[in-house]
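Please read the points in order with the structure open.

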Amino acid sequence: MTRAAALVLLAIATPAFAQAPPASPPKIELAYTQFTLPNGLRVILHEDHSVPMVTVNMWYHVGSAREKEKRTGFAHLFEHLMFMGSGHVKPGEFDEWLEAAGGDNNGSTENDRTNYWINVPANSLELALFLESDRMGYLLDTMTPKTVDAQRDVVKNERRQSVENRPYGMAEVVIGEMLYPPGHPYHWPVIGYMEDLTAASYEDVVAFFKSYYAPSNASLVVAGDLQTAAARKLVEKWFGDVKPGPRPEPMTIPGAMLRSVQKKTITDRVQLPRLYLAWLTPRHFEPGDAALDMVADVLAGGKNSRLYKRLVYDMQIAQDVNAFQASQALSSSFQIVATPRPGHTVAELQKVIDEEIQKLQREAPTAHELERSVNQIEASFYNRMERVGGFGGKADQLNAYVTFTGDPDWFNEDLSRYRALSPLDLSAAALEFLPLGRRVELIVEPEKKP
């Protein structure tokens, strides 16, 4: 009997059964221990013995949103100052000792938080905890006006390189100013304004540290190849003597609303123009936030997305197109960025973009598009879960969840936001949050040659 004939007989002999429902996705189980020190520092410990490494991950619940007008850039300035020595660590020793132990470290600043992480071999955990605790408790012991001035110059040079002299670098600064009114915590850029960095006094900088870098305004995650009981003793040993500080006062947040189209054109030393469209959208983890992540993916998430396929492949009028939901604690923004090919204009791109937005508002995406977006989000999520340390690793994610939701174990809830969405939810989000008549439209044009 041939293989084909055998398959026919098997099909006849096998009774028809209803298709089994898809299995529920596996639940993420991430064991951790949580406690709070008397000085207010919240600590989370997680064991992961996959590799003999540990990470010390500190989040301070302060970013550029805590700054004041005329005094911007302080949070990012402290990201630099925190590596310049402390009460028991001379300048240069922080990196020197970590490198000798085979470790590495980094930090970053955003609107709502500043984070620092140290990755070291498991036998150097105590060194990492000592270094992290010393700059929390004893930074001001060695910080001088000379140190502040030196790092102020470094930050100003970074602003020149990453914002002012980078192609299209001023666009994000201008978009923030257009989306949010003066006085709103998101109106100014994270890196600050040059004149504010220049005007800041040493006393201003010290006052900012005393207000926001206390244990009660921070959370610490220690994860990796550790024993929980022993790690807890080390945390208590090195952070227990850090003095508590006052809790920051509640923020005053002016309202932000777009009632019409806000248009602006700026020039830059670039070869091609670029179009930026931006909307005010729901805060991180609020209803609509996850749906807009998926809307961004349907519109411009990869080469099979609607805008990429139409603008770049079919019509060949765009060099690139991107879309993203920039989720933040106080307010989010949805942005679409597109660059025309030589010989084409931003007006051509905007016409097609608006057509695709309106189409998505009228007609729900296909089940295949929804499934593709969920799969990509899940894949990205699980890829991050494979790492313990660094930006986006498990320790960083635990700290993000405890900072923005109060619950470090929010992995399943986060993923369920996307798994629960239907195609109609995406259309509804596009209709509600991406109105063509209430948005920011920024165009960057090449400077005209003399």
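1. The largest cavity is lined by F381, R384, M385, G392, G393, K394, Q397 and F411. Two elements, α13 (367–385) and α14 (394–404), each give two or more residues to that lining. The largest share comes from α13, with 3 residues. Helices here are DSSP runs of H or I with at least four residues, and strands are runs of E with at least two, numbered from the N terminus.

2. This is a predicted model, in which local features need pLDDT of at least 70 and side-chain atom pairs count only at pLDDT 80 or more, while totals for chains, interfaces and linings use all residues. Residues are numbered from 1 along each chain as its sequence is written, and side-chain values use heavy atoms, with hydrogens and water left out.

3. How many cavities of 30 Å³ or more does a search of the whole structure find? The search finds 1, and the volume of the largest cavity is about 40 Å³. A cavity is a set of points, on a 1 Å grid over the protein atoms alone, where a 1.4 Å probe fits but cannot get out; lining residues have an atom within 4 Å of a point. Grid points are joined across faces, edges and corners, and the volume is the space filled by probe spheres set on the points.

4. By residue type, the lining of the largest cavity has 3 nonpolar, 3 polar and 2 charged residues. Ala, Val, Leu, Ile, Met, Phe, Trp, Tyr, Cys and Pro count as nonpolar, Asp, Glu, Lys and Arg as charged, and the others, Gly among them, as polar.

5. Across the whole structure, 20 salt bridges are found. A salt bridge is a side-chain nitrogen of Lys or Arg within 4 Å of a carboxyl oxygen of Asp or Glu.

6. R439 and E441 form a salt bridge through their side chains, at 2.9 Å from N to O. Is this pair buried or exposed? R439 is buried at 1% relative accessible area, and E441 is buried at 8%. Buried means under 20%, exposed over 50%, and partly exposed in between (1.4 Å probe, protein chains only).

7. E236 and R232 pair in a salt bridge of 3.1 Å, N to O. Both sit in helix α9 (residues 228–239), 4 residues apart, so about one helical turn separates them. E236 is partly exposed at 36%, as is R232 at 33%.

Terms used. 1 Å grid on protein atoms, 1.4 Å probe; cavity = no way out; pocket = protein on both sides within 12 Å on 5 of 7 lines; lining within 4 Å.
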